[in-house]
Amino acid sequence: MIHFAAFTNHSLCLILKGVIKIPVKVKLPFLWGKAVFKKDTWPHINLIVGPNGSGKTLLAQAISQQFKKKGYAVKILKAERDKDNSEKETVAILRTNDEVRYKVQKVLSSMFGKTITFREVKGSLVPVVTNRAWNVEYNLQEVECHGLKEILTLLVTLYANTGNTCIVFDEPELHLHPQFQHFFAEELRRVSKRHPKRMYFLITHSPFFIDLRFPEELLGVIVCHTNREPTHIDSLKGKDEDLLRRFLPRFNTYHKQFFFSDNQVFVEGYTDQQLFTNLLPYLHSDRGIAGTGIIDVGGKDELGVFCKVCALLGTNSRIITDLDSLFSGKLRDVFCTDERTETWLDRQTEKQKAFYKNIFTERELAHAITLEKLIVRLERYLAAVGRTLCDAQDKKPDLIPQELRLLAEKLNSLDQKHENAENVDTFKTVVLQGVMQHEKALAKFLTPELAASLPNIKNLFSLILAGAAAADVFILPRGCIEHYYTQAKIQYMPVSAKDKLFHAELEHLLDSSPKEIQKDYGELISILENACAR
């Protein structure tokens, strides 16, 4: 159902499914150059996030002024509460508005186990706190009780403003315990549902206010960046909405760090997170790792979702992932269709012309070369090599050179475990690991035709890694993080006893000198440095 609401300047704003249509344009040349921030659709609760110095407060002020022109009464609760007389305004409202005073007293009594009353002292209203646990009273204005003052100001501002009001809360997390940040976010959501004509903007650095439960709530997130205009999601396609609906329940407070920085790196698991976090101080260059965090998300499919969310929001995600991400999962779908990957491949067309002629037919070359197409061709080569080794292990294992026996045994084990093993990502990964480690031995063992495919496999692998990197997805070429350990020699995937291996490696890393770390983990440091580059 569509409703039309009239405002004081007789303009009409469309309210549709909880979203208000108000075209807004903001120019801040000293921050964004010639770029213009544009947004037309507004949920009732909007979040403005991003690093320090990215223009969040200025943007909020500009947006609220344009809402004012549409008939909204604007209230901005500044981060410097004392400077804008917020405390005096709060007391004045409590003194004159019985309804607001009752609500606040009831809420605070429940939260703190303390009662706030207001008494006349020398002609002014003084807030007095009664600590019921000890039957002690004290003057709120004379005691260092910042958190209580803060929640009091926030609640009065939330409850007291009526009608078509646009309220901006600048850093509502100031002095607030995380539990109270969460409480205020819940209270804001509750009040917003009861008053659908009010608009709220929160400028925040706190993940506790990124309270997203439904995909459409992402439409209210505005991400500010350093030296470029803010970005946001205009609309969600059905496929993206379904993906996010499944993803949001797993989206925890720790994950939400990426809303506040363009310099976050996502990895699959906690072992990757711990190792890369400890390697951050050893990056070779000063290209800028300030604000960098390593966030583990729980698997390659989750990496694909984070990559998708970042792309939608306009935030530059950087991802370090295992080799098997090439062969299955959401992440592959995302980086294969990324515009940056497509642009990079376009620039390679002339340079790789001879190579493409070698691996593709004329009919295949009549269509665009995509990263997906390159990976599929790589998979075809790997399947042929892997099948030959499996058959040899089954029929004539004694003819397999000693150097290749572990590889053949691994592949044969996977072949016995899976039907159509050539389609399994781990199988393809192991073949690729074998090619990269034992090309010469394989060239002697395989048929001339298959041996001729080995250089093609290596060239394809190099191209694919570079194409993924163009989309800020950095694939560990050796396999997974365990293949870079120094305290255990691991050749192929899958890896067992990961936890035990990790703790031994972490102990070694923490006990090593900077010089030893640079030597032992040089390849990982280089990958991390590329991922952190702005």
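Contact here means heavy atoms within 4.5 Å. The model is predicted, and local features need pLDDT of at least 70, side-chain atom pairs count only at pLDDT 80 or more, and totals for chains, interfaces and linings use all residues. Residues are numbered from 1 along each chain as its sequence is written, and side-chain values use heavy atoms, with hydrogens and water left out.

Phenylalanine 259 is in contact with Val49, Gly50, Ile210, Leu212, Leu218, Val221, Val223, Phe251 and Leu313, leaving aside neighbours within four places in sequence. The largest nonpolar core has 114 residues, of which Phe169, Phe258, Phe259 and Phe335 touch the most other members. A nonpolar core is a set of buried Ala, Val, Leu, Ile, Met, Phe, Trp, Tyr and Cys residues joined through side-chain atoms within 4.5 Å; buried means under 20% relative accessible area (1.4 Å probe, protein chains only). Helix H14 (residues 371-395) supplies the largest share of this core, 10 residues. Helices are DSSP runs (H or I, at least four residues), numbered from the N terminus. Another core, of 26 residues, lies apart and includes Leu280, Phe474, Ile517 and Tyr521.

The axes of helix H8 (residues 270-279) and helix H21 (residues 522-532) come within 10 Å and cross at roughly 85°. H8 is therefore roughly perpendicular to H21 (65 to 115 degrees). Axes are lines fitted to C-alpha atoms, for helices over the stretch in contact, and angles run from 0 to 180 degrees between N-to-C directions. H8 contributes Leu275, Phe276 and Leu279 to the contact, and H21 contributes Leu524, Ile525 and Leu528.

How values were computed. Buried < 20%, exposed > 50% of the residue type's maximum accessible area, 1.4 Å probe, protein only. Helix = DSSP H or I, 4+ residues; strand = E, 2+ residues; numbered from the N terminus. Parallel < 35°, antiparallel > 145°, perpendicular 65-115°, else oblique.
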